[in-house]
Amino acid sequence: PENGKLWVSFQADPSVATIDEIGSDAGVDSLLNLIRTCDTENERLALFELATNPGSNGGYFTAAQTQNIMHVCASSELDAYDMCKRLAFAMASPDDCQYILSVNLTPDQAISLYCSIGPAAWR
């Protein structure tokens with residue numbers, strides 16, 4: 001426009017994370033140790049949310065790393081559905097995401113999650 005501002009929203013097709021974007025096993029192990037040593041559920045939940053915030057860490061998790069995170073956080077206030085919903089955005093590939101959903105959610109839960117967050121998480 002000649003006057004004012006033009007706001008553009010760019011949307012790219014989902015893609016698989018590069019090897020440089022995937023968290024190292026040692027880094028994830030350190031995260032898991034931090035989560036295990038938390039004194040309260042609130043501390044555990046805060047670390048889980050920080051680690052799975054797509055904007056904060058800039059990294060992604062493999063299916064094995066994600067399953068380990070879910071196992072360690074299983075006693076937290078988040079159930080499997082909520083953890084999968086949060087972790088879906090941090091998965092390294094669509095195959096990893098589908099695997100995690102298939103082993104942790106019922107088919108109805110997986111469909112509900114897909115409808116809730118859409119295909120954006122299925123990078």
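Mentor: Accessible areas here come from the Shrake-Rupley method with a 1.4 Å probe, and for residues only the protein chains shown count as cover. The accessible surface of the protein chain comes to about 7600 Å², of which 53% belongs to carbon and sulfur atoms. This is a predicted model, in which local features need pLDDT of at least 70 and side-chain atom pairs count only at pLDDT 80 or more, while totals for chains, interfaces and linings use all residues. Residues are numbered from 1 along each chain as its sequence is written, and side-chain values use heavy atoms, with hydrogens and water left out.

Trainee: How many helices and strands are there in the protein chain?

Mentor: Helices (H or I, at least four residues) and strands (E, at least two) are DSSP runs, numbered from the N terminus. By that rule the protein chain has 7 helices and 0 strands, and the order of its elements is α-α-α-α-α-α-α.

Trainee: Why is Arg 44 called buried, and why is Glu 41 called partly exposed?

Mentor: Buried means under 20% relative accessible area, exposed means over 50%, and partly exposed lies in between (1.4 Å probe, protein chains only). Arg 44 has 14% relative accessibility and therefore counts as buried. Glu 41 has 23%, so this residue counts as partly exposed.

Trainee: How do you know that Thr 66 is buried?

Mentor: Thr 66, a residue of helix 4, has 0% relative accessibility and therefore counts as buried. Contact means heavy atoms within 4.5 Å. Not counting residues up to four places away in sequence, Thr 66 touches Phe 61, Leu 87, Met 91 and Ile 100. Buried residues make up 35% of the 123 residues in the protein chain.

Trainee: What makes a set of residues a nonpolar core?

Mentor: The members are buried Ala, Val, Leu, Ile, Met, Phe, Trp, Tyr and Cys residues joined through side-chain atoms within 4.5 Å. The largest such core has 27 residues, of which Phe 48, Ile 69, Met 83, Cys 84 and Leu 113 touch the most other members. Elements giving two or more residues to this core include helix 1 (25–36) and helix 7 (107–117). Leaving aside neighbours within four places in sequence, the contacts of Phe 48 include Ile 69, Met 83 and Arg 86.
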